[in-house]
Amino acid sequence: MTPALSRGALPLLAAILVAGPMAAQQTDPRLERLEAAIRPAVAALVDSARAAMLPTEPLVQRALEGATKHASGDVIVAAVRRLAVDLAHARDALGSTASPAELTAGAAALRAGASPTILAQLRQTRRQPLTMPLAVLADLVASGVPVDSAAAAVLALAARARDADLVEFRRAVERDIALGAPPAAATAAAATLSSVQVNAGARQQRPGRP
Amino acid sequence: MFEHPDDSVDRAARQLQQPVDIDPALDGRVMREITALPAPGRGTWLGEVWRWLRRPHQVTLTPLGALATAAALGVVVLLSWMSSKSPAPRQAASRTFQFVLVAPRATRVSLVGDFNDWDPTRTPMDRTGSEALWTAVVPLAPGRYHYAFFVDGSRWLADPSAPVARDEDYGAPSSVVTVGGGS
């Protein structure tokens, strides 16, 4: 997938893509956990993201995840670079006012296969934060739901559904898939049920479970 | 015999018009004398303030001035009351999440993820209740986090009760937790 980019995002992506050889100005001390050979490249990517006003914490965490999982240096640099590009695409689609949490979730949705157009439509549809709908979209695709079905369901619910409603919707889909329902059918059924239940009244807060 | 009064006046005037020789060191001597004189009875400024406060003073106030003073006092009291009633500034609402893993044969389990720098030493999980249950409680700000369980220092496990993180890069399984809000 190659999302269309605005003119504003092109210089940013160019900076990210060539950031490897650049020297980092102020290295995050946590990056000391990386191999010395890749530390400058990762630090330069983080610096480029910071200069482009993108959130840098997801990039640092991506690199640290790779280090903890003993991934090779090349794989870590590639993973961090890919995430930086996805964050830039997400910002391009969601707008400059998007929060770091929204950008991170948007990057995950794009990586799952959602188009920038879907992200932009979500932004227009929903006045509340987009973190949860974007995350649910990515999670559904990861569960095997076709991206078009997942996007259609989330877009249909996004306008009025609360975060808790969206989490419940995702759980219902996953439960039906686990019971043997085809993912697209499970999504459509759960979306229909959720749209009836949305705003049906105040609900008790769900306990904090992933 | 007396001289004429006009003559004596003229003579006195001439005498007074003649320059008088003054000792050049006179100024210095005078100033030294003045400096050596004891100072009049003045204390520190704090003492002066204290004495002023203890002295009775007469204050005159016009009706308009009294009203203005009362109004100013009322504004001060109102503002202090409103500031005590206003809510604290909103912060990013963190939620507490409990992570649970059933691992009967594990001897050591850590929770690692985007919220603790993927550091296995930061969030060791506690064995609770039955011997098989490992738990950890973590506060999370709004966002989407990848995480995994690190078992016995060598084995990665995803959370079977959470969405799977698609990860083509690192291979080892991870899960996802999303905290809403945070616009």
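A residue counts as buried if 20 or more other C-beta atoms lie within 10 Å of its own, exposed if 12 or fewer, and partly exposed in between, with C-beta atoms placed from the backbone. Strand β2 of chain B is mostly covered on this count: 5 of its 5 residues are buried.

## Model and confidence

This is a predicted model, in which local features need pLDDT of at least 70, side-chain atom pairs count only at pLDDT 80 or more, and totals for chains, interfaces and linings use all residues. Residues are numbered from 1 along each chain as its sequence is written, while chains are lettered from A and ligands numbered from 1 in the order in which they are written.

The predictor gives the complex an ipTM of 0.79 and a pTM of 0.67. Confidence per residue is given by pLDDT, which runs from 0 to 100. Chain B averages a pLDDT of 82, and 85% of the residues score at least 70. Within chain B, helix α4 (residues 63–85) has the lowest confidence, at a mean of 73. Strand β2 (residues 109–113) of chain B has the highest, at 97. Over residues 83–91 of chain B the pLDDT is below 50.

## Chain A: helices

Chain A has 10 helices and 0 strands. Helices (H or I, at least four residues) and strands (E, at least two) are DSSP runs, numbered from the N terminus. Of the 210 residues of chain A, 47% count as buried. Two residues are in contact if their C-beta atoms, placed from the backbone, lie within 7 Å. Among contacts in chain A between residues at least 6 apart in sequence, 66% join residues at least 24 apart.

## Two helix pairs in chain A

Helix α2 (residues 39–51) of chain A packs on α4(A) at an angle of about 10°, with the axes 10 Å apart. Axes are lines fitted to C-alpha atoms, for helices over the stretch in contact, and angles run from 0 to 180 degrees between N-to-C directions. α2(A) and α4(A) are therefore roughly parallel to each other. Angles under 35 degrees count as roughly parallel, over 145 as roughly antiparallel, 65 to 115 as roughly perpendicular and the rest as oblique. From α2(A), the contact uses A:Ala41, A:Val42, A:Leu45 and A:Ala49. They meet A:Ile76, A:Val77, A:Val80, A:Arg81, A:Ala84 and A:Leu87 in α4(A). By class, the contact of α2(A) with α4(A) has 9 nonpolar, no polar and 1 charged residues. Ala, Val, Leu, Ile, Met, Phe, Trp, Tyr, Cys and Pro count as nonpolar, Asp, Glu, Lys and Arg as charged, and the others, Gly among them, as polar.

α7(A) and helix α9 (residues 163–178) of chain A pack at about 5°, with their axes 9 Å apart. α7(A) and α9(A) are therefore roughly parallel to each other. α7(A) brings A:Met132, A:Pro133, A:Val136, A:Asp139 and A:Leu140 to the contact. α9(A) brings A:Asp163, A:Leu166, A:Val167, A:Phe169, A:Arg170 and A:Val173. This contact of α7(A) with α9(A) has 8 nonpolar, no polar and 3 charged residues.

## Chain B: strands

An open sheet of 3 strands in chain B has the order β1-β4-β3, with antiparallel pairing. Its edge strands are β1 (95–102) and β3 (126–128) of chain B, and each pairs on one side only. The twist averages 40° from one strand to the next. Two strands pair if DSSP finds at least two bridges between them. β1(B) and strand β4 (residues 133–140) of chain B pair in the antiparallel sense over 8 bridges. B:Thr96 has B:Pro139 in β4(B) as its bridge partner.

Strand β5 (residues 143–151) of chain B is joined to β2(B) by 5 bridges, and the two run antiparallel. B:Gly113 stands opposite B:Tyr147 in β5(B). B:Val109, B:Leu111 and B:Gly113 point one way from β2(B), B:Ser110 and B:Val112 the other way, and all are buried.

β5(B) is also joined to β7(B) by 5 bridges, again antiparallel. Here B:Tyr145 stands opposite B:Val177 in β7(B). In strand β7 (residues 175–179) of chain B, 5 of the 5 residues are buried, so β7(B) is largely enclosed by the rest of the structure.

## The A–B contact

The contact takes 29 residues from chain A and 30 residues from chain B. On the chain A side, α3 (57–68), α4 (73–94), α5 (100–112) and α7 (131–142) each supply at least two residues. The largest share, 7 residues, comes from α5(A). The chain A side divides into 13 nonpolar, 8 polar and 8 charged residues.

Note on methods
pLDDT is the predictor's confidence in each residue, from 0 to 100.
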